Every structure is written in structure tokens, then in C-alpha cells.
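Welcome, and thanks for taking a look at this one with us. Here is a short briefing to read alongside the sequence and the model.

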Amino acid sequence: MWGLATSPVQLGNSGANLTQSKEKIPGWQMGGITAGPVEDYLYSMLPPRDEVLAEIEAEAAKRDIPIVGPVVGRILQQLAIMIGAKTVFEMGSAVGYSTIWWARAVGKEGRVFYTDGDRKKATEARKYFERAGVADQITVGVGDALELLSEQKQEFDIIFCDVDKEDYPRVLRLAVPRVRKGGLFVTDNVLWSGRVADKKNTEPSTKAIREFNRLLCSSPDLFTTILPVRDGIAVAVKK
């Protein structure tokens with residue numbers, strides 16, 4: 001999935017008209033939340049990724065595989081480093097792109113739990129983990145992410161939610177008790193290409209994300225901020 005965005009965008013009070021690059025952007029970049037030229041700038045500031053991450057990005061663009069992309073990947077890794085995370089449970093991992101970012105953050109002594117319902121994606125992910133040198137740090141689970149999390153008895157430093165959007169409210173109730181105090185509950189796609197702000201949009205996925213965001217931001221057990229990057233990342237600290 002590819003997209004073009006070439007119309008001028010007016011930013012702030014400066015009155016400057018900035019035009020987004022005419023180059024094709026990969027579908028996983030999504031766009032629509034941050035002004036196009038600013039989006040271009042954010043991606044232009046990133047250092048080059050290694051061979052494995054770059055290959056996953058290219059494959060994801062070609063095959064329309066959902067990945068968080070490098071801007072969000074760096075945020076995830078930074079969050080884990082900031083709290084000294086050693087255990088991460090990832091709900092909805094696809095081909096393991098974000099799993100690699102988490103694994104590099106938790107280090108050799110850490111553990112990342114990969115989950116996905118597609119056995120073929122899990123097999124592909126394992127190959128990437130081997131090539132990236134992080135396979136020994138990752139436990140691969142194939143099946144329903146909510147069921148796999150419900151089987152866990154331990155608390156985690158971070159739980160990352162990127163499952164089917166209709167399940168988001170259920171995930172909140174299941175995940176928060178399994179995050180340690182001072183740990184993070186991180187969620188992707190919480191702005192849903194801006195659809196959450198369209199009151200006329202009554203799609204089940206949009207309604208579910210709206211309800212999730214309301215519950216997340218009003219929870220007395222969490223301190224939450226929504227970052228308007230890519231498709232929106234919610235970062236909640238457990239009090």
C-alpha cells in the first residue's frame with residue numbers, strides 16, 4: 001500500500017506553506033496525523049537501520065504487512081531503555097519488526113514475548129530474529145494474544161498492544177493488572193488515521209478505540225499521554 005501527499009500544508013502562525021515530498025511513501029508510514037512536511041522531516045532525521053530492519057520495512061511496504069515503522073520503533077526502544085525494562089509482552093507482533101526493537105532494548109538478560117495468530121508470520125519472524133542476533137531473547141507464541149497473556153502469571157515491565165482494534169477495551173482490562181508498578185502499557189493506532197475525532201464515524205473499530213482511549217485516560221491506575229506520531233501511540237505509566 002503506497003500513498004502520495006503533495007498538497008501544501010499551512011503550519012502554525014508563521015503562514016509558511018510547506019509541501020510534502022512527492023516521493024512515494026510506504027503504507028506502514030500511514031500519515032494523516034502529523035502534517036506531511038513534518039512527517040518527512042521526522043523520517044529524514046533517522047539514522048539508517050541495519051540490514052534486517054531495512055529488509056522488513058521493504059517487505060512490509062511491498063506486501064502491505066503492518067509494522068510500526070522506524071520512528072515508532074525508536075520510541076519503543078527508548079521507552080524500554082528509560083525504565084530499564086527487562087520483560088516485554090507484545091500483543092500482535094506480525095513479522096517481528098517491533099519485537100526486534102524491544103529485544104535490543106532489554107538486552108541479553110531480557111525477555112520479549114512475541115505473539116501472533118498467524119503461524120506463517122511467526123516462522124518468518126523467527127528467521128529475522130536469528131539474523132538480527134536476538135532469537136535467544138524472544139519467546140514466540142502462536143495464537144490469540146489475549147489468551148496467551150491471560151496464561152501469564154508474572155508481571156511485565158512493558159505490555160505493548162497492537163491487536164485487532166475491536167479487542168482494545170478487553171486488552172485494557174486484561175493487561176493493566178499484569179504491568180508492574182512503574183511499568184508501561186503502550187498501545188499503537190490510538191488515533192486511527194484521525195477517525196477517532198470524526199463523530200460521524202461509527203465503525204466498530206473506531207468506536208472500540210474511542211472507548212479504549214476514554215478508559216485509558218480516565219483510569220486512576222494509569223498516567224497516560226497520547227503521542228500524535230504516525231497513527232498515535234498511547235504511553236501509560238502504572239501508578
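How many residues apart are Tyr97 and Trp101 in helix 4? They are four residues apart within that helix, which spans residues 97-106, so about one helical turn separates them. Please keep in mind that this is a predicted model. The chain is built from eight helices and eleven strands, and buried residues account for 52% of its 239 residues.

**Aromatic pairs**

- The structure contains eight aromatic pairs. One of them joins Tyr97 and Trp101 in an edge-to-face arrangement, with 6.3 Å centre to centre and 65° between the planes.
- Tyr114 and Phe129 form another edge-to-face pair, at 5.8 Å centre to centre and 80° between the planes. Tyr114 belongs to strand 6 (residues 111-116) and Phe129 to helix 5 (residues 119-132), so this pair ties together parts that are 15 residues apart in sequence.
- Tyr114 is buried at 1% relative accessible area, and Phe129 is buried at 2% relative accessibility.
- One aromatic cluster is formed by Phe89, Phe113 and Phe156.

**Helix 3**

- Helix 3 covers residues 69-82, and its 14 residues should span 20 Å at 1.5 Å a residue. The C-alpha atoms at its ends are 20 Å apart, in agreement with that value.
- Is this helix largely enclosed or left open by the rest of the structure? It is largely enclosed, because ten of its 14 residues are buried.
- Among the buried residues of helix 3 are Gly69, Pro70, Val71 and Val72, along with Ile75, Leu76 and Leu79.
- After helix 3 comes Gly84, which has a positive phi, near 65°.

**Nonpolar cores**

- The largest nonpolar core has 42 residues, and Ile56, Ile100, Trp102, Ile158 and Val186 are those with the most contacts inside it.
- Several elements each supply at least two residues of this core, including helix 2 (51-63), helix 3, helix 4, strand 8 (156-161), strand 9 (179-188) and strand 11 (233-238). Helix 4 gives the largest share, at seven residues.
- Setting aside neighbours within four places in sequence, Val186 is in contact with Leu76 and Leu79, with Ile158, Ile159, Phe160 and Cys161, and with Ile233 and Ala234.
- A second, separate core of 29 residues includes Phe89, Ala145, Val163 and Phe212.

**Cysteines**

- How many disulfides does the count give? The count comes to zero disulfides, with a disulfide taken as a pair of cysteine sulfur atoms within 2.5 Å.
- Cys161 is buried, at 0% relative accessibility, whereas Cys217 is partly exposed, at 47%.

**Chain as a whole**

- Of the contacts between residues at least 6 apart in sequence, 66% join residues at least 24 apart.
- The chain has an accessible surface of about 11,800 Å², and 53% of that surface belongs to carbon and sulfur atoms.

How values were computed: Residues are numbered from 1 along each chain as its sequence is written. This is a predicted model: local features need pLDDT of at least 70, side-chain atom pairs count only at pLDDT 80 or more; totals for chains, interfaces and linings use all residues. Side-chain values use heavy atoms; hydrogens and water are left out. Rings of Phe, Tyr and Trp (its six-membered ring) pair if their centres lie within 6.5 Å; planes under 30 degrees apart count as stacked, over 60 as edge-to-face and the rest as tilted. Buried means under 20% relative accessible area, exposed over 50%, partly exposed in between (1.4 Å probe, protein chains only). The expected span of a helix is 1.5 Å times one less than its number of residues. A nonpolar core is a set of buried Ala, Val, Leu, Ile, Met, Phe, Trp, Tyr and Cys residues joined through side-chain atoms within 4.5 Å. Contact means heavy atoms within 4.5 Å. Accessible areas come from the Shrake-Rupley method with a 1.4 Å probe; for residues, only the protein chains shown count as cover.
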